[in-house]
Amino acid sequence: LQALEDQYSPSRWSPRLDRDSIIDAHLAVTAAGTERARASAQTSLHVPYGSGDGEKLDIYFPKDPSGTFPVLVYIHGGYWQCLSKDEAGFAAPPLVSRGVMVVAVGYDTAPRGHMDTMVSEVRRSLAFLVEQYPGIRGIYLCGHSAGAHLAAMVLSTDWTEFRVVPDIKGAVLVSGVYDLEPILHTYVNDALNMSREVAQRNSPMRHIAPAVPAACEVLVAVAQHDSPEFRRQSQEYSQALRAAGWSVSLLDLAGVDHFDVIEKLSEDSYILTQVIKRAVLK
């Protein structure tokens, strides 16, 4: 079991910093990047999309918000129990400068939020966006770690119970977990308190929608210094999507770990920033 704990402790695998410093550094970098983004863009912060405490969005508007624009919806990580949208705006500057609206989604993390709640909230946040902003021309999801899991769950949504069907054109899933079962046996589940049934119901790996004809391109990205188990999950999920007819590519990013793989999205020159820009601005 200790081996499994280690596999699902991303902070143990970075060659840069020890496990305590890396979490602190990640918080500091993402919070500072978000402050810079808020200072440099036109924003609407803490926009409620529901009545829950965590059900709020931060919206970073493109330089010219008239007309239509693509939107990148960013879903933060933190193992479903920490971080918030207040550290999730760091990726906005390179995109808003190119006419993209960036939205950081807040959700009720555990223990207040149950896994079912979080999945439902993220789905509802998208329905809300589509209804509020008729100028949206294509939605691109980007999630990191637990956020990649939530973004993947969005891809398996049956939108018939919603009033709208978001036009999801792409998803960038970074260092995610796509099968929650192994987590049941680790410290991560202390706060989540998932039963096996809840874990199965919320595992994207088990709920792959038959590929929709609309061209939604999925990019599964994983870091060189992610744990072998995180790397395995990314490989298996991308294979399963491909087998179901999805358009998917797996990007293995050299020289980064579970944390800077996403932090670097604040940099224009970073390969993942470039890939996202190419996709969104097509």
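Which residues is Ser-203 in contact with, leaving aside its neighbours within four places in sequence? They are Met-153, Tyr-178, Asp-179, Leu-180 and Glu-181. Contact means heavy atoms within 4.5 Å. Ser-203 sits in the loop between α7 (196-201) and β7 (217-225). Its relative accessible area is 0%, so Ser-203 is buried. Buried stands for under 20% relative accessible area, exposed for over 50%, and partly exposed for values in between (1.4 Å probe, protein chains only).

This is a predicted model, in which local features need pLDDT of at least 70, side-chain atom pairs count only at pLDDT 80 or more, and totals for chains, interfaces and linings use all residues. Residues are numbered from 1 along each chain as its sequence is written, and side-chain values use heavy atoms, with hydrogens and water left out.

**The whole chain**

The protein chain has 10 helices and eight strands. Its radius of gyration is 17 Å, close to the 19 Å that the globule rule gives for 282 residues, so the chain is as compact as a globular protein of that length. That radius is taken over C-alpha atoms, and the globule rule is 2.2 Å times the number of residues to the power 0.38. Helices (H or I, at least four residues) and strands (E, at least two) are DSSP runs, numbered from the N terminus.

Along its principal axes, the C-alpha trace spans about 55 × 40 × 35 Å. Of the 282 residues, 56% are buried. Take the contacts between residues at least 6 apart in sequence: 75% of them join residues at least 24 apart. The chain exposes about 11600 Å², and carbon and sulfur atoms supply 52% of that area. Accessible areas come from the Shrake-Rupley method with a 1.4 Å probe; for residues, only the protein chains shown count as cover.

**The sheet**

Eight strands form an open sheet with mixed pairing, in the order β1-β2-β4-β3-β5-β6-β7-β8. At the edges stand β1 (42-48) and β8 (247-257), each with a single partner strand, so one side of each has no neighbour in the sheet. From one strand to the next, the twist averages 20°. Two strands pair if DSSP finds at least two bridges between them.

Helix α2 (residues 19-40) lies across β1, β2, β5 (136-144) and β8. It runs at about 55° to β2. Axes are lines fitted to C-alpha atoms, for helices over the stretch in contact, and angles run from 0 to 180 degrees between N-to-C directions.

Is β4 enclosed or open? Five of the five residues of β4 (residues 101-105) are buried, so the strand is largely enclosed by the rest of the structure. Met-101, Val-103 and Val-105 cover one side, and Val-102 and Ala-104 the other.

Strand β2 (residues 56-61) runs antiparallel to β4, joined by four bridges. Strand β3 (residues 69-75) runs parallel to β4, joined by five bridges. Some of the partners are listed here.

| Residue | Bridge partner in β4 |
|---|---|
| Asp-58 | Ala-104 |
| Tyr-60 | Val-102 |
| Val-71 | Met-101 |
| Ile-75 | Val-105 |

β3 is mostly covered too, with seven of its seven residues buried. Phe-69, Val-71, Val-73 and Ile-75 point one way, while Pro-70, Leu-72 and Tyr-74 point the other way. β3 also pairs with β5 in the parallel sense, over six bridges. There, Phe-69 stands opposite Ile-136.

**The annotated domain**

UniProt lists residues 57-155 as "domain: BD-FAE-like" in an unreviewed entry. UniProt positions are given in the numbering used here, feature names are shortened, and annotations may be inferred rather than shown by experiment. Over this stretch the chain is 33% helix and 26% strand, and the end C-alpha atoms are 20 Å apart.

Helix α5 (residues 146-155) is mostly covered: 10 of its 10 residues are buried. Among them are His-149 and Met-153. Met-153 is also one of the contacts of Ser-203.

**Backbone details**

A cis peptide bond joins Ala-110 and Pro-111, with omega about 5°. Pro-111 lies in the loop between β4 and α4 (115-132).

His-46 is not a glycine, yet has a positive phi of about 60°. It belongs to strand β1 and is partly exposed, with a relative accessible area of 40%. Trp-80, not a glycine either, has a positive phi of about 60°. Trp-80 lies in the loop between β3 and α3 (92-96) and is buried, with a relative accessible area of 0%.
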